[in-house]
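Student: I have a new model open and would like to learn how to read its features one by one. Could you walk me through it?

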Amino acid sequence: SYTIIFDANEGVGGTSASMLFGSSLVPPTVTREGYDFVTWFPEVPSTVPAANTTYVALWGLQTFTINFDANGGTGGGSLQTLVTGEHLDAPLVLRTGYTFLGWEPEVPPVVPSENATYTAQWSRNYYTIIFDANGGTGGKTEVLGYGEKLAPPEVTKPGSTFSGWTPVVPSEVPAENITFTAHWSLDSSLITFDANGGEGGTSSNMIYGADLIAPNVQRTGYTLAGWQPALPATVPAVSSTYTAIWSINSYNITFDDNG
């Protein structure tokens, strides 16, 4: 009988036994975390040799692929052929309009003894969106999530026509707090001054909001008493006609009998 030792060499599963010369020799199954079994040294024969013998397990380091899934962001990727126990740093990942929450599962400090995938977790950012009516009505302020559909409100302004937003409103919420300002072009109104039997009446297009000054109208034998309707201080938002109102003059007529 001879002592046959299978040395697991820092692994587990090694054995030591007294065995009869010539009996069948089958090595045990040995394992070592982070390593792959390569072979025994020296090579194990099929039967027990005629000497006490130690067979030592030889190991090769295991390597693994670690994948960092950016999950819609940028900066992820695969780290290949990493050795178990090596220091493991997760990459910096970014995603427009989102805040990084961490990895699922949590990234360990060292390379695990298996292929692994870590997925970035994100929370959507919310931004303040202002539609400034710029002197009109219908503007609004909202807090919306990045990427949501963005529909500007309808805005109005008396005497003006809406001509667009600055900056141009995108179809989705951008990744920033932002103000969109309405732009207006002034309307013009046809303003008619009807001299109503006199002279000096006018009719012309005038810009809304401009000072409204009546023309100098005259009518023989009459004095201008005013306009109907009363004149506003500025040009109104609609075409309008103002009619001169006259009061008839009175005169003293003297017949001199001349003696």
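Student: Is Thr-81 buried or exposed?

Tutor: Thr-81 counts as exposed because its relative accessibility is 59%. This is a predicted model, in which local features need pLDDT of at least 70 and side-chain atom pairs count only at pLDDT 80 or more, while totals for chains, interfaces and linings use all residues. Residues are numbered from 1 along each chain as its sequence is written, and side-chain values use heavy atoms, leaving out hydrogens and water.

Student: Where does Thr-81 lie, and what is its phi?

Tutor: Strands (E, at least two residues) and helices (H or I, at least four) are DSSP runs, numbered from the N terminus. Thr-81 lies in strand S6, and its phi is positive, about 50 degrees, although Thr-81 is not a glycine. Asn-258 also has a positive phi, near 55 degrees, and is a residue other than glycine. Asn-258 sits in the segment after S16 and is exposed, with a relative accessible area of 69%.

Student: How many helices and strands are in the chain?

Tutor: The chain has 0 helices and 16 strands. Its radius of gyration is 48 Å, well over the 18 Å that the globule rule gives for 259 residues, so the chain is more spread out than a compact globule. That radius is taken over C-alpha atoms, and the rule is 2.2 Å times the number of residues to the power 0.38. Along the principal axes, the C-alpha atoms fill a box of roughly 185 × 20 × 20 Å. Of the 259 residues, 27% count as buried.

Student: How do I read strand pairing, say for S13 and S14?

Tutor: Two strands pair if DSSP finds at least two bridges between them. S13 (residues 188-194) and S14 (residues 202-207) pair in the antiparallel sense over 6 bridges. S13 is also joined to S16 (residues 240-248), by 4 bridges, and these two run parallel. Thr-192 shows both pairings: its bridge partner in S14 is Ser-203, and in S16 the partner is Thr-241.

Student: Which residues does the cis peptide bond at Pro-105 join?

Tutor: Omega is the angle to check here. The bond from Glu-104 to Pro-105 is cis, with omega near -5 degrees, and Pro-105 lies in the loop between S7 and S8 (116-124). Another cis peptide bond joins Thr-166 and Pro-167, with omega about -5 degrees. Pro-167 is in the loop between S11 and S12 (178-186).

Technical notes: Buried < 20%, exposed > 50% of the residue type's maximum accessible area, 1.4 Å probe, protein only.
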